[in-house]
Amino acid sequence: MKHLALLCVLALACAGLTGCMSAPVMPPMGGIFTDIQAPLDIDYDNTVVTGKVGKAESMSILGMVALGDASARTAARNGQISRIQHADYSYFNVLGVIQRYNTIVYGE
Amino acid sequence: MQRALAALMAAMVLLGAVGCVAGAKNQAARAGFHPAYANRSMPFTPLIPPQGFLFQQVQAPLSLDFDNTEANQPLTGSSTTHFVAFPFYQQLSVSVMDPASVELAARNGGIKEIVYADYETFNILGVYSRFTVNAYGR
């Protein structure tokens with residue numbers, strides 16, 4: 001029981017230290033589990049919808065170590081996109097232990 | 001021992017929460033992307049991916065209007081600022097070297113027309129952090 005309480009406190013500590021992710025559009029997020037996708041680009045005036053998708057990922061473990069290249073340029077390169085039309089992002093989080101962020105660009 | 005550990009963890013939760021609240025409170029006051037204006041060692045940008053308290057090296061988009069953006073630009077320019085802080089005493093923080101501005105990044109890369117920009121953050125223990133603006137253009 002003591003170990004369980006200690007684990008809970010540890011998980012809360014990790015959640016407290018994860019640093020607040022911030023984006024222009026943030027849908028409701030779960031404290032225990034989150035797996036969402038939301039718009040990153042919010043100017044859709046005359047945006048052409050195309051088929052190509054490129055992703056770039058960064059990751060945070062326990063809110064202690066964060067690594068990755070989630071830049072727009074890398075996302076475009078990964079999807080072999082030469083002209084970006086619009087972008088979304090995805091965010092995955094389990095108890096603040098593992099957080100994964102993806103920049104998703106769409107283009108041609 | 002367990003009580004001490006639990007107390008320590010609780011203190012960390014509190015500090016984390018205070019950090020978040022303080023960050024949100026100062027959000028409106030921060031006009032630019034220069035870490036010197038932020039009340040913490042992490043820069044404030046429109047998009048902030050999940051961060052690392054002990055170590056962080058992350059790149060993310062800085063410009064968020066991608067409509068008709070040509071991704072493959074011939075020129076890349078960057079500008080970097082360094083930031084030294086005392087944990088939990090951000091008032092004593094120091095920002096040194098050049099400002100990390102898009103203007104300076106473009107100048108460093110010989111860019112006449114900026115098309116889009118990314119940024120990179122590097123942080124060790126919240127004590128030393130580096131903020132780099134990467135501008136792409138022609």
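The following legends describe close-up views of a predicted model.

Local features are described where pLDDT is at least 70 and side-chain atom pairs where pLDDT is 80 or more, whereas totals for chains, interfaces and linings use all residues of this predicted model. Residues are numbered from 1 along each chain as its sequence is written, and chains are lettered from A and ligands numbered from 1 in the order in which they are written.

**View 1. Overall fold of chain B.** Chain B contains two helices and six strands (helices are DSSP runs of H or I with at least four residues, strands are runs of E with at least two, and both are numbered from the N terminus). Their order along the sequence is α-β-β-β-β-α-β-β. Chain B has 138 residues, of which 39% are buried (20 or more other C-beta atoms within 10 Å of the residue's own; exposed means 12 or fewer, partly exposed in between, with C-beta atoms placed from the backbone). Of the contacts in chain B between residues at least 6 apart in sequence, 62% link residues at least 24 apart (a contact requires C-beta atoms, placed from the backbone, within 7 Å).

**View 2. Confidence along chain B.** The mean pLDDT of chain B is 76, with 67% of its residues at 70 or more (pLDDT is the predictor's confidence in each residue, from 0 to 100). Confidence is lowest in helix α1 (residues 2–27) of chain B, with a mean of 58, and highest in strand β1 (residues 55–61) of chain B, with 94. Residues 17–39 of chain B have pLDDT below 50, and this stretch makes 29 contacts in the model beyond near neighbours in sequence. Where pLDDT is low, predicted coordinates should not be read in detail. For the complex, the predictor gives an ipTM of 0.77 and a pTM of 0.74.

**View 3. Strand β6 of chain B and its partners.** Strand β6 (residues 128–137) of chain B is mostly covered, with seven of its ten residues buried. Strand β3 (residues 75–86) of chain B pairs with β6(B) in the antiparallel sense over ten bridges (pairing requires at least two DSSP bridges between two strands). Within this pairing, L75(B) has G137(B) of β6(B) as its bridge partner. Strand β5 (residues 114–124) of chain B is also antiparallel to β6(B), over ten bridges, and T121(B) stands opposite F131(B) of β6(B). Three residues lie between the strands in the hairpin of β5(B) and β6(B), where L125(B) takes a positive phi near 60°.

**View 4. Loop residues with positive phi.** Most residues other than glycine have a negative phi. L95(A), although not a glycine, has a positive phi of about 55°. This residue, L95(A), lies in the loop between β4 (83–94) and β5 (98–107) of chain A. L95(A) is partly exposed because 18 other C-beta atoms lie within 10 Å. In chain B, N68(B) is likewise not a glycine and has a positive phi near 60°. N68(B) is placed in the loop between β1 and β2 (69–70) of chain B, and counts as partly exposed because it has 14 C-beta neighbours inside 10 Å.

**View 5. Surroundings of M29(A).** M29(A) is located in the loop between α1 (2–17) and β1 (33–39) of chain A. Leaving aside neighbours within four places in sequence, M29(A) contacts T34(A) and I36(A). M29(A) counts as partly exposed because it has 13 C-beta neighbours inside 10 Å. A distance of 22 Å separates the C-alpha atoms of M29(A) and L67(A), which are 38 residues apart along the chain.

Notes
Two residues are in contact if their C-beta atoms, placed from the backbone, lie within 7 Å.
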